[in-house]
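Hi,

Here's the structure I said I'd pass on.

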Amino acid sequence: MTAMFPSLHPHLGLRACLLLAFGVPWNAEAKKCHAATTEQTANTVTASSEDASQPTSNVLFLAVDDMKDWVGCLGGYEGQVLTPNIDRLAKHGTLFRNAHCPSPKCAPSRAAILTGLRPSTTGLYDNGHWLLPNYPEVVTLPGHFRTAGYEVAGAGKIFHHTAGNHPPNQWDDFHPILFRNDPWFRGSKKNYPWSKSGPQPDGFPLSQVIGLGHENDWGSLNIEAAEYDDARSTQYATDFLQAEHDQPFFLACGLFRPHLPWYVPQEFFDLYPLNEIQLPPTLADDLEDLPAEALRLARDRRDDWQAIKSQKKWKQAIQAYLASISYADRQLGRVLSALKASPYAANTIVILWSDHGWHLGSKGHWHKSTLWEEATRVPLIIDAPGMKPGVCDAPVSLISIFPTLLDLCGQPIPAQLEGPTLVPLLKDPQTPWSEPAVIEFRRGNAAVRDARYRFIRYSDGSEELYDHTTDPAEWHNLADRAEAQPTKKRLSRWLPKKWADAAATKSQFDFDPETFQWTNRITGTVTSGTDTPETNP
Ligand SMILES: [Ca+2]
C-alpha cells in the first residue's frame, strides 16, 4: 500500500497527496481520486453503501487503553476475567477474534487508527511525536466527521493523553482527562499543563512494592467511585446520550484503564481472590531462540517485573490489571446502558477497541512495546445497525477502523486510507480474506499476522515465525527451518516496502496550550490547532 506514496520523504510528498484527498470536503473529488489511484486488493472495496436512502447513523466510539485479549469473549486469560458488558456487546455485534493494533504503544497506535495511515507512512513511530504540527493538513477521524456535518464530542483518551493531542478544531466539545487523582501525571507542565502538581496518594506506593518507577503502581484511592477520572469521562458520555441532538453525532469515550497506574475502587480488586489468580504460562528456555533485537525488546521494563516478583507481588499485579479491566468494563456498561435507553439505540454504530495489548511476564516481558501476540492482539467489536451478530476470525488491523466507519456511514473512502473496510466481514464473517494484519513498531520492525502464523522481521533483518495452530504461546521460533521459508516469503510480501523517516519529535516545537499553537523551532512555522477543518490550509 505504501507504493501509493512514491515520495515518502521529505514529508512534502505525502502532505501534497494528503492535501489532495483531505484538503477538500469528502465529496466526488475524493471519490475520483480513489477510483483513479487505488490498487485494489482482494479485500479492498470502494464504499459499498452509496444508497442515498440509507439513514445516517450516529457513531459511538469506545476506546480502552492497554487492554489485551483478557476479556471473557476472547479467552486470553487462563482464569476467569469478568467483562459482562464487553461480552454482551460482542454477542450483539461482530466480535473480531484475530484483531491487532497498528503499533504496540499508545501514541503511534492511536495516530494510525485516527488517521488511517500506518506509522511507516507517517513516521509517527513513538509517544514523542505530535501529529498536528507534523501533518497540519491531515484529516483525522473526528475531524472528518465534524466536516461531514456531525456533532463531534469526546471525553478521555482518544488520541494520546498528553497535551496537544486533542486539538479543538477536531471537536465541537472535548472533556480531557484531568488526572486529578493520578499524581504521577502531574509532574510535567509540558505534558499536563491543565493539571496542578499534587502530592502522591496517601500510603504511596499503594502496591507496597519498592523500586518501581514512574506510573507503575496499583491500589484503591481514598476517593468516591464517581471521582475517578474514567467515571467522569463515562459521565460525560452518558450525559451526552441523554441529551437531545438535532444532527447526527460522533461521540468518543476513551477510558484510561487498564493503563497504569491500576487505581480502581476496591470492589474490583475483590472480584479476583489472590488464590485464583493465574500466572501467564511460561517456558524456561523461551528466549533462547530469539534474535538480539527481540531480546532487547523483551528486556525493556523487565526491572519492574523483577522487582514485583522478588517482592512476591506478581499475583497482586495481575489482580490489579484484571480489576482495572473489570472497572473499564463497568464504565462501558454505563455508556451502553445509556445508549440503550436513548432514542439513538437503533441508529448508532458502536465500536469498541483497545490501542494494544500487554505482557504480564510472558517472554520475560512486562509492559507493551513488543511485536508478539501478547502486545498486539486486542478486543475489537463493531455493532452496526442492520448487521447480524457474528464472530470473525479473519486477521484484521485497527487501521481499518477509519475506512470501516466511513463505509458504514455511506461515505466515500479516500484512497490514502491504508486499511481495507471491514464491512464485507460485518455482512458475512466468513468472507474470504487474504490480507493479514501488519503491526509496526519503531522504524524497520514489523509483524505480519495471518489466520495461522505470526512472522516478524526486525530492522537488522533478523526474523521470527510462529505457528499458532501448534504454538499459541509463541514459544518456538521456526524462522530458521527450511520448511518455513515459503511461509516467510509469502508473509514478507506484506511488510512495509518503505519506512518513512521519523517525524519531528516534540523537542522541535514550542507548544502553547493556551492558544493551541506550535512553533517549529527550526523553520519558525506556526501550526494552529484551533483553525476549523474547513479553513485549514
Ligand atoms: Ca495504551
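The buried residues of helix H13 pack against quite a list of elements: strands S1 (58-64), S9 (348-354) and S12 (380-383), plus helices H4 (106-115), H6 (141-147) and H14 (423-427). Before going further, note that this is a predicted model, where local features need pLDDT of at least 70, side-chain atom pairs count only at pLDDT 80 or more, and totals for chains, interfaces and linings use all residues. Residues are numbered from 1 along each chain as its sequence is written.

Back to H13, which covers residues 401-408. How many of its eight residues are buried? Eight of the eight, so the helix is largely enclosed by the rest of the structure. (Buried means that 20 or more other C-beta atoms lie within 10 Å of the residue's own, with C-beta atoms placed from the backbone.) By name, they are Ile401, Phe402, Pro403, Thr404, Leu405, Leu406, Asp407 and Leu408. Just after the helix, Gly410 takes a positive phi of about 70 degrees. Helices here are DSSP runs of H or I with at least four residues, strands are runs of E with at least two, and both are numbered from the N terminus.

Strands count as paired if DSSP finds at least two bridges between them. S19 (residues 509-512) and S20 (residues 517-520) are joined by four bridges, and Asp510 stands opposite Thr519 in S20. Their hairpin has four residues between the strands, and there Phe516 takes a positive phi near 55 degrees.

S20 and S21 (residues 526-528) pair over three bridges, with Gln517 opposite Ser528 in S21. This hairpin has five residues between the strands, and Gly524 takes a positive phi near 80 degrees in it.

Of the contacts with a separation of 6 or more, 70% come from residues 24 or more positions apart; a contact means C-beta atoms, placed from the backbone, within 7 Å.

Cheers

Terms used:
A residue is buried if 20 or more other C-beta atoms lie within 10 Å of its own, exposed if 12 or fewer, and partly exposed in between; C-beta atoms are placed from the backbone. Two residues are in contact if their C-beta atoms, placed from the backbone, lie within 7 Å.
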